[in-house]
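Subject: A structure for you to look at

Hi,

Here is the structure I promised to pass on. Have a look at it first, and then read on for what I found.

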Amino acid sequence: MTAQVLVVEDSPTQALRLRLFLEREGLKVTVAKTGQEGIDLAQQQLPKAVVLDVNLPDIDGFQVCRALKGNPATVGTPVIMLTVKDRAADTISGLDAGADAYIPKDDFAEANLVQALRDLSIL
């Protein structure tokens, strides 16, 4: 059975790139464009993992992560933050919010994302 992954990303270009990349890895992908849509879809679909941007138009990814980790239905869903926010303080904020992995959007982001999904037994 194909694992379902939810991508929460407001940039249409980045969302499409991530969706295509993850589908090539054999995953089924749903995309949410806002933090609240991400929370709602995660509760409805119960994906195997959530790939979450921090910069979202309504609520930031840290708040989304805390909401997912605070909900009994999604508390066990791994959250991988994938973001341009690459300062040490941002990483700490993401991990403190409950993220299972925090990956900066750099040249190694896709390889690190695949490794994180393998470490979490999603791939």
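In which loop is the place of glutamate 25? Glutamate 25 sits in the loop between helix 1 and strand 2. (Helices, H or I of at least four residues, and strands, E of at least two, are DSSP runs, numbered from the N terminus.)

Before going further, a word on how to read all this. This is a predicted model, in which local features need pLDDT of at least 70 and side-chain atom pairs count only at pLDDT 80 or more, while totals for chains, interfaces and linings use all residues. Residues are numbered from 1 along each chain as its sequence is written, and side-chain values use heavy atoms, with hydrogens and water left out.

Back to glutamate 25. With 32% relative accessibility, glutamate 25 counts as partly exposed; buried means under 20% relative accessible area, exposed over 50%, and partly exposed in between (1.4 Å probe, protein chains only). Setting aside neighbours within four places in sequence, glutamate 25 is in contact (heavy atoms within 4.5 Å) with Val114, Arg118 and Leu123. Its C-alpha atom is 15 Å from that of alanine 15, which is 10 residues away along the chain.

Now the overall picture. The protein chain has five helices and five strands, and along the sequence they follow the pattern β-α-β-α-β-α-β-α-β-α. The radius of gyration is 13 Å, close to the 14 Å that the globule rule gives for 123 residues, so the chain is as compact as a globular protein of that length. (That radius is taken over C-alpha atoms, and the rule is 2.2 Å times the number of residues to the power 0.38.) Of the 123 residues, 46% count as buried. Among contacts between residues at least 6 apart in sequence, 60% join residues at least 24 apart.

Next, the inside. The largest nonpolar core has 20 residues, and those with the most contacts inside it are Leu22, Val51, Leu113 and Leu117. Such a core is a set of buried Ala, Val, Leu, Ile, Met, Phe, Trp, Tyr and Cys residues joined through side-chain atoms within 4.5 Å. At least two residues of this core come from each of strand 1 (4–8), helix 1 (12–24), strand 3 (49–52), strand 4 (79–83), strand 5 (101–104) and helix 5 (109–119). Helix 5 gives the most, with five residues. Not counting residues up to four places away in sequence, leucine 113 touches Leu18, Phe21, Leu22, Val51, Ile80, Leu82 and Ile103. A second, separate core of 19 residues includes Leu6, Ala42, Leu52 and Val54.

Helix 2 (residues 35–45) is worth a visit too. Its buried residues are Gly35, Gly38, Ile39, Leu41 and Ala42, and what covers them includes strand 1, strand 2 (28–32) and helix 3 (61–69). Glutamine 44 is also found in helix 2, but it is exposed, with a relative accessible area of 62%.

Finally, two backbone details. Leucine 46, in the loop between helix 2 and strand 3, has a phi near 45°, a positive value in a residue other than glycine; at 46% relative accessibility, leucine 46 counts as partly exposed. Serine 121, in the segment after helix 5, has a positive phi of about 60° although it is not a glycine. Serine 121 is exposed, with a relative accessible area of 64%.

Enjoy exploring!

Best wishes
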